[in-house]
Amino acid sequence: MAAVLSSAQARRIALAAQGFATPRPEPGAATMRQLQRVIDTVQVIQIDSVNVLTRSQYLPFFSRLGPYDTALLDRARDGVGPRARGGRRLVEYWAHAASLVPPETWPYLAFRRATADRDAWGRHVLTDHPEVVDAVLAAVHEHGPLTAREVDDLVEHGVLRNKDNWGWNWSLVKQCLEYLFWAGEIVSSGRNQQFERRYAAPEQVLTPEQIAYRPDAAEAAVELVRRAARAHGVGTLSDLADYFRLRKGEAARALAELVGTGELERVEVEGWAEPAYLDPMARRPRRVAARALLSPFDSLVWERDRTERLFGFHYRIEIYVPEPKRVHGYYVLPFLWGDRLVARVDLKSDRAAGVLLVRRLHLEPDAPADTEAALADELRELADWLGLGGVEPDSH
């Protein structure tokens, strides 16, 4: 018979697997080694362009390390050349949406690069403008790393961008770059201060071994599920498939192999409708004493059904919801206190006024009495880290 975990045990295992059972260093004392520990723990850091508080990729490290020097993350992402001591520790690709992953993970995403002709942004350029695709590829290989604007300046294509569409109003060159990036013919060497991706030839960023290694889809699925399981501690098929956005069938076959070899153990979790899979090496703390504000794109909470199963916390991002219909706010961060999600707070960095604005605050019905005091401490620490003078309620 499968072992049975209580919901509380599963929650604490999941928190430990995501790095929340490890004490934070002293404020400002985090080192590159500690940043690397977080990378090794979560495996995937989602990127998003929304900058109402700060760029989303910086927040998961703050949640686990407290105030730290963001230049450490920039250096980990933008290191010169293949990873070496003090060099590149992260590369960008489509993992869980746009994400930062260890360079060693890049080869296992070859199955996704193989879908570029079908799935990539800007894929129509391959048939509609093959000469521009070739020119863009040549420009990046000859002159990269380059931003899209810099490539645009180098490539003569004579096609104006569509000014009628309010949304993805990309130039033809940008569409070519996105297709080539998805296909792996070019890669990202990092981003500049304007959050523009810098495109480069693969050999400028990855090692020859990483470029040459092409595991088949089945081998890649096993490795990605293995990494997802390590980052979950315990999770369902849906949880593990979602981490690297695998199809459920692929993830199910990989799970069967990992259970068969003893790397994962099939278990039941009280209150979960689906069977779960436990990493036998996962920590099983009796207590978790975390205090953290979580990005909407944090890997602990990005799978909303899992968040509800683990914490009884119904969470939806409302960025794209019209303001009158928002329930909790625009950029809402769940607040982790102990081993529970006990509040959610809509935050904005008012950089002109130099303050962190609290636009809305909602406590969960079972929030302990000390929740507001703990949250106030975390908000002050966040404001200091962001270089803001204080925390204020939004008067609007």
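I count two strands as paired if DSSP finds at least two bridges between them. Helices (H or I, at least four residues) and strands (E, at least two) are DSSP runs, numbered from the N terminus.

The model is predicted: local features need pLDDT of at least 70, side-chain atom pairs count only at pLDDT 80 or more, and totals for chains, interfaces and linings use all residues. Residues are numbered from 1 along each chain as its sequence is written, and side-chain values use heavy atoms, with hydrogens and water left out.

**Entry 1: four-stranded sheet**

I began with β7 and β9 (residues 276–278), which run antiparallel and are joined by 2 bridges. V234 faces L278 of β9. I then traced the whole sheet: it is open, has 4 strands in the order β1-β8-β9-β7, and its pairing is mixed. At the edges I found β1 (3–5) and β7 (234–235), each pairing on one side only.

Helix α1 packs on this sheet and touches β1, β7, β8 (265–269) and β9. Contact here means heavy atoms within 4.5 Å. The direction of α1 makes about 80° with that of β1. For such values, axes are lines fitted to C-alpha atoms, for helices over the stretch in contact, and angles run from 0 to 180 degrees between N-to-C directions.

**Entry 2: burial of α1**

I checked accessibility next. Buried means under 20% relative accessible area, exposed over 50%, and partly exposed in between (1.4 Å probe, protein chains only). In α1 (residues 7–17), 8 of the 11 residues are buried, so the helix is largely enclosed by the rest of the structure. The buried residues are A10, R11, R12, I13, A14, L15, A16 and A17. G19 follows α1 and has a positive phi, near 95°.

**Entry 3: five-stranded sheet**

I looked up the open sheet of 5 strands: its order is β10-β11-β12-β13-β14, with mixed pairing. β10 (290–293) and β14 (391–393) are the edges; each has a single partner strand, so one side of each lacks a neighbour in the sheet. Neighbouring strands are turned by 35° against each other on average, direction ignored. β13 (residues 355–363) pairs with β14 in the parallel sense over 3 bridges. V358 has P393 as its bridge partner in β14.

Helix α16 (residues 371–385) lies across β10, β11 (332–338), β12 (340–350), β13 and β14, at about 55° to β10.

**Entry 4: aromatic pairs**

I searched the whole structure and got 10 aromatic pairs. Rings of Phe, Tyr and Trp (its six-membered ring) pair if their centres lie within 6.5 Å; planes under 30 degrees apart count as stacked, over 60 as edge-to-face and the rest as tilted.

F62 and W385 are stacked, 4.7 Å centre to centre with 20° between the planes. F62 sits in helix α3 (residues 59–65) and W385 in α16, 323 residues apart, and the pair links these distant parts of the chain. F62 is buried at 0% relative accessible area, and W385 is buried at 15%. F61, F62, Y68 and W385 form one aromatic cluster.

F313 and Y315 are tilted: 5.9 Å centre to centre, 50° between the planes. F313 is buried at 0%, and Y315 is buried at 1%.

**Entry 5: α12 on α14**

The contact uses A221, V222, V225 and R226 of α12, and E250, A251, A254, L255, E257 and L258 of α14.
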